[in-house]
Amino acid sequence: MNKIENNKAWFFVIPVFVIVAFSAVIPLMTVVNYSVQDIFGADSAYWTGTEWYKEMLRNPDLQAALLRQFAFSFAILAIEVPLGIGIALLMPKKGWAASAALVLVAMPLLIPLNVVGTIWQILARTDIGLLGWSLSSLGMDYNINANAVDAWFTIILMDVWHWTPLIALLSYSGLRAIPDAYYQAARIDRASRWAVFRYIQLPKLTNVLVIGVLLRFMDSFMIYAEPFVLTGGGPGSSTTFLSQALTTMAVGQFDLGPAAAFSIIYFLIILAVSWVFYTAIMTLQKDKSAQQ
């Protein structure tokens with residue numbers, strides 16, 4: 001007998017495809033179309049091929065912004081991942097204290113991005129801001145509007161404060177998923193806390209850390225609102241990241257063709273580096289599993 005297939009499930013899937021098409025695929029194709037044309041108006045466009053791509057790859061300002069973007073992303077990952085794991089290890093595991101800790105840790109994540117920039121802009125002021133006033137009281141010449149090092153320090157500190165809770169919550173969920181039998185076996189073997197962390201907790205956290213690292217890298221690589229509100233990209237262009245350079249090109253200068261080409265390059269860089277991160281972490285996990 002021929003097997004009768006029920007295709008009614010497609011009625012639930014098709015709306016998703018339609019939504020994705022209108023929210024992602026069609027805009028992406030529009031950007032690709034703009035990236036190979038010189039746009040002069042609604043009805044005035046001329047074919048340029050790959051010229052905009054070549055120009056963007058040779059643009060020294062965008063190259064400098066790309067280096068700043070990589071430096072920022074790797075810096076915050078190097079700080080937030082270990083710090084988030086450490087916070088998760090210190091959080092209570094049971095009772096009302098665990099619930100209270102989860103709420104307190106999650107609070108920075110609830111604040112809108114532009115509000116975060118405004119909060120830290122006030123904190124960085126040397127007259128009324130807690131951070132700026134404290135550093136000035138210690139004799140430091142702290143000024144995010146004149147010193148690039150101070151601006152970078154403040155932006156990284158702001159991002160660590162805002163997004164470390166995400167890594168902490170993901171790590172906490174991973175730790176809570178580890179069966180008690182592993183800890184009981186470790187106690188029987190008189191394993192040290194470092195041995196428990198290295199051989200039990202860290203391997204079990206690999207999956208959630210992959211998610212956390214990928215999310216934080218992609219988000220940090222697209223950061224815009226917080227540094228724009230805090231420093232405006234200054235002093236000079238020392239904190240102008242790729243997203244701000246792209247916005248200036250597309251909205252400020254209305255260079256749609258170059259901006260579209262740059263956005264495609266931007267997207268491909270994020271995609272490629274995320275794939276490298278994922279492949280490296282999963283390969284490392286397989287090697288550890290093979291050794292065990």
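R190 is found in the loop between α8 (180–188) and α9 (193–204); helices here are DSSP runs of H or I with at least four residues, strands are runs of E with at least two, and both are numbered from the N terminus. The phi of R190 is near 55 degrees, a positive value in a residue other than glycine. Most residues other than glycine have a negative phi, and most peptide bonds are trans. R190 is exposed, with a relative accessible area of 77%; exposed means over 50%, buried under 20%, and partly exposed in between, with a 1.4 Å probe and protein chains only.

Before I continue, a word on the source. This is a predicted model, in which local features need pLDDT of at least 70 and side-chain atom pairs count only at pLDDT 80 or more, while totals for chains, interfaces and linings use all residues. Residues are numbered from 1 along each chain as its sequence is written, and side-chain values use heavy atoms, with hydrogens and water left out.

G234 and P235 are joined by a cis peptide bond, with omega at about 0 degrees.

Helix α12 (residues 242–252) contains Q244. Is Q244 buried or exposed? Q244 counts as buried, because its relative accessibility is 9%. Leaving out residues up to four places away in sequence, Q244 touches Y224, F228, G232, G233 and T239, where contact means heavy atoms within 4.5 Å.

I turn to helix α7 (residues 148–176), where S171 is found. With a relative accessible area of 1%, S171 is buried. Which residues does S171 touch, not counting those up to four places away in sequence? They are G84, I85, A88, L205, V208 and L209. For L209, which is 38 residues from S171 along the chain, the C-alpha separation is 7.0 Å.

Next, the nonpolar core. The term denotes a set of buried Ala, Val, Leu, Ile, Met, Phe, Trp, Tyr and Cys residues joined through side-chain atoms within 4.5 Å. The largest such core has 63 residues, and those with the most contacts inside it are M56, F72, L77, F221 and F277. Helix α13 (residues 256–291) gives the most to this core, with 11 residues. F72 is in contact with W152, I155, I156, D159, S220, I223 and F241, leaving aside its neighbours within four places in sequence.

Helix α13 is also the place of F267. F267 is partly exposed, with a relative accessible area of 43%. F267 and L57 are 210 residues apart in sequence, and their C-alpha atoms are 14 Å apart in space.

Finally, the chain as a whole. Its secondary structure comes to 13 helices and two strands. What is the radius of gyration of the chain? The chain has 24 Å, whereas a compact globule of 292 residues would have a value near 19 Å; the radius is taken over C-alpha atoms, and the globule rule is 2.2 Å times the number of residues to the power 0.38. Along the principal axes, the C-alpha atoms fill a box of roughly 85 × 75 × 35 Å. Of the 292 residues, 38% count as buried. Among contacts between residues at least 6 apart in sequence, 68% join residues at least 24 apart.
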